[in-house]
Amino acid sequence: MNIGLINSYSGITNGNGALQASKMNGDKAKFSELLETLSSSQVAEQGRLNGDFKTGFAGTYTAESETHTLARGAAANQANDHVKSKTIDKTSKLYEKSMELESYFVKQMLSEMRKTVNKSALGGNDFAGKMYEDMLFDEYATSMTKNAGFGLADQIYLSLAQ
């Protein structure tokens, strides 16, 4: 780059261009250092980062009676009456992860349904409003998974537990 061009750019920005560039480089260095120093002690319960906004499923089922429960929803339907119903351990990590997968599917279903709503009547089309709405629908999906009894988590659990 030629010196005349640099001097004319500094003249236009009154020297603020160099100041902004140095601030940006400092911010990049701090962010890179933060990523390198992120340690396992900063990760909360089994893969969740501190500050994660989702409620999650950890500790949903803790009672001893929930270690041998019958499947519900679609997983309870048997094609043959002579097949013995299988039990589910709802306190296990496998069931917790099965519920997370069901919650993901429910969230996808809600997202597709949400696309059919006219957004101009609702307002909140800015970035923060969209982010809040997405977080809200994450919580809706979690709540529906815990309470609706779809049975998808039960089916996933029974398939993976074999």
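The exercises below work through a predicted model of one protein, each with a stepwise solution. Residues are numbered from 1 along each chain as its sequence is written, and side-chain values use heavy atoms, with hydrogens and water left out. Because the model is predicted, local features need pLDDT of at least 70 and side-chain atom pairs count only at pLDDT 80 or more, while totals for chains, interfaces and linings use all residues.

**Exercise 1. Overall layout**

Task: State how many helices and strands the protein has, and give their pattern along the sequence.

Solution: 
- Start with the definition. Helices (H or I, at least four residues) and strands (E, at least two) are DSSP runs, numbered from the N terminus.
- Count them: six helices and two strands.
- Read along the sequence. The pattern is α-α-β-β-α-α-α-α.
- Then take burial. Buried means under 20% relative accessible area, exposed over 50%, partly exposed in between (1.4 Å probe, protein chains only). Of the 162 residues, 23% are buried.
- Next, the surface. Accessible areas come from the Shrake-Rupley method with a 1.4 Å probe; for residues, only the protein chains shown count as cover. The protein has about 11,600 Å² of accessible surface, and carbon and sulfur atoms hold 57% of that area.
- Finish with contacts, meaning heavy atoms within 4.5 Å. Among contacts between residues at least 6 apart in sequence, 73% join residues at least 24 apart.

**Exercise 2. S98 and G151**

Task: Decide whether S98 is buried or exposed, and name what S98 touches. Then do likewise for the burial of G151.

Solution: 
- Locate S98: helix α3, residues 93–114.
- Classify S98. Its relative accessibility is 2%, so S98 is buried.
- List the contacts of S98. Leaving out residues up to four places away in sequence, they are A153, I156 and Y157.
- Turn to G151. It sits in the loop between α5 and α6.
- Classify G151. With a relative accessible area of 3%, G151 is buried.
- Look along the chain. G151 and R72 are 79 residues apart, yet their C-alpha atoms are separated by 5.3 Å.

**Exercise 3. Salt bridges**

Task: Find how many salt bridges there are, and work through the pairs E96–K93, K107–D138 and R114–D134.

Solution: 
- State the rule. A salt bridge is a side-chain nitrogen of Lys or Arg within 4 Å of a carboxyl oxygen of Asp or Glu. The count is six.
- Side chains of opposite charge can pair when their charged atoms come close.
- Take E96 and K93: N to O is 3.5 Å. They are three residues apart in helix α3, so about one helical turn separates them. E96 is buried at 13%, whereas K93 is partly exposed at 43%.
- Take K107 and D138: N to O is 3.0 Å. This pair links distant parts of the chain, with K107 in helix α3 and D138 in helix α5 (residues 127–147), 31 residues apart. K107 is buried at 13%, and D138 is buried at 11%.
- Take R114 and D134: the closest N and O atoms are 3.8 Å apart. R114 lies in helix α3 and D134 in helix α5, so the pair ties together parts 20 residues apart in sequence. R114 is buried at 16%; D134 is partly exposed at 30%.
- Join them. Salt bridges that share partners connect K107, R114, D134 and D138 into one network.

**Exercise 4. A surface patch**

Task: Identify which residues make the nonpolar surface patch of about 300 Å².

Solution: 
- Patches are made of residues with over 30% relative accessible area and no salt bridge: like charges are joined within 9 Å, nonpolar side chains (Val, Leu, Ile, Met, Phe, Trp, Tyr) within 5 Å.
- Name the residues: L101, Y104 and F105.
- Inspect F105. It lies in helix α3 and is partly exposed, at 41% relative accessible area.
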